[in-house]
Amino acid sequence: MGSFWIVERTRNRRFPYRISIEQDGITRLALRVQDRWPGPGGQVFCLRERELDPAEAFEPLERVPIISLTRRGRKLSVAIDRSRRRRCEFLFLRKSYRHKEGEYEEIFFRTQQALRQHRARGRPSLYPSGNLEIVVDSAERYAWRFPRSQVQRSELPVGDYGLLHQGALVAVVERKTFPNLLSDIGSVQILHQQLAELSGYGHAAVVVEAQYADFLNGQRTRPWSSSYLSRMLGELTVCHPGLPIVYAGNRKLANQWAHQFFQSVAAKLDESEARVAEKVQRWHTPSEVDGGIDFEVRRAILERFPEEFAFSVLRSAFPELEDRRLRRILQGLRREGRLEVRGRGRAARWVKVSRS
């Protein structure tokens, strides 16, 4: 059914417009706004619609498909399927009352042009807080250091370092030294399988303790030629487009990159639970926007699969699809709150979440 941007006229002089975002026939967000689109360099104050009076009449003005919905911290970015006035964002703030206890919400509707002119446009959206819970694979030698973090040793299903959040593995980093990656390219099909498994996690990366230029130095890469390695490294990137491969330069910088990566993932999860109000935290671009096989897989999982199932059941039902694609669909349903995973590795079971 897809997602839609809907604008209606109200009879309220102060808030003459109503903007709503609809997903699959359900209104996910409804705001009363002072203008249907912010002026040049400006922003529009909004009020969240808590309850809708059934007797209230609206004049339909616009109904346009949404290309993407992306939440980053306190911001919800929207891309609308039209030639003009395509990109905007909503900023959700929680503030304390000055003269009494409690908090109130402020929402601002801003456009791309306003963001360019805003003095805070260079500030990060994610602010890490608290200690990280990091797992180092038990086979990892001379492990990286993660200051002010709770670090434990355990066997990881994939990768060398993992981030735990509420007991679940939510991010994974695979560490590669220069000799490691050269050796792995000698068994590139096994490397492809490893990277495909990494891609099944919502947040994953490969971090190399070397420069990309190091792999183009024929004297250091024997028996592989620089042209062969260049082609193979390009193949890895193309075959696993959702998996960042970071050439950090050396051990210290690779460690620093991974630490910041885990901090950002933790901040994103914390923000979605504590700072962004209600259903905004679950918004994303649904995989079935364009229909197709992804939609069929999602519908089969939600309507025909048992309440608890293993990944092998899904693979048997759709043998023509790659494991990476099936895992991406599962992770999407997990982010929506429709599935949860119990256990790890081959013992993992996907469980449907009741929406009642």
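Buried means under 20% relative accessible area, exposed means over 50%, and partly exposed is in between (1.4 Å probe, protein chains only). This is a predicted model, where local features need pLDDT of at least 70 and side-chain atom pairs count only at pLDDT 80 or more, while totals for chains, interfaces and linings use all residues. Residues are numbered from 1 along each chain as its sequence is written, and side-chain values use heavy atoms, with hydrogens and water left out.

View 1. Cys46 has a relative accessible area of 2%, so Cys46 is buried. A disulfide would take a pair of cysteine sulfur atoms within 2.5 Å, and the count here comes to zero. For Cys46, the nearest cysteine sulfur belongs to Cys88, 9.6 Å away. Cys239 is partly exposed, at 34% relative accessibility.

**View 2. Phe178 meets Phe215.** Rings of Phe, Tyr and Trp (its six-membered ring) pair if their centres lie within 6.5 Å; planes under 30 degrees apart count as stacked, over 60 as edge-to-face and the rest as tilted. That rule gives 17 aromatic pairs. In this one, the ring centres of Phe178 and Phe215 are 4.8 Å apart and the planes are at 50°, so the pair is tilted. Phe178 belongs to helix 2 (residues 178–185), whereas Phe215 is in the loop between strand 13 (203–208) and helix 4 (226–239), 37 residues apart. Helices (H or I, at least four residues) and strands (E, at least two) are DSSP runs, numbered from the N terminus. Both Phe178 and Phe215 are buried.

**View 3. Tyr212 and Tyr247, edge-to-face.** These two rings, Tyr212 and Tyr247, sit 5.5 Å centre to centre with 75° between the planes. Tyr212 is in the loop between strand 13 and helix 4, and Tyr247 is in strand 14 (residues 245–247), so the pair ties together parts 35 residues apart in sequence. Tyr212 is partly exposed at 34%, and Tyr247 is partly exposed at 22%.

**View 4. A ring cluster.** Here ring pairs join Trp144, Phe146, Tyr161, Trp257, Phe261 and Phe262 into a cluster.

**View 5. Arginines over rings.** A charge sits over a ring if NZ of Lys or CZ of Arg is within 6 Å of the ring centre and within 35 degrees of the ring normal. Arg220 has its charged end over the ring of Phe178, 4.4 Å from the centre. Arg327 does likewise over the face of Phe311, at 4.1 Å from the ring centre.
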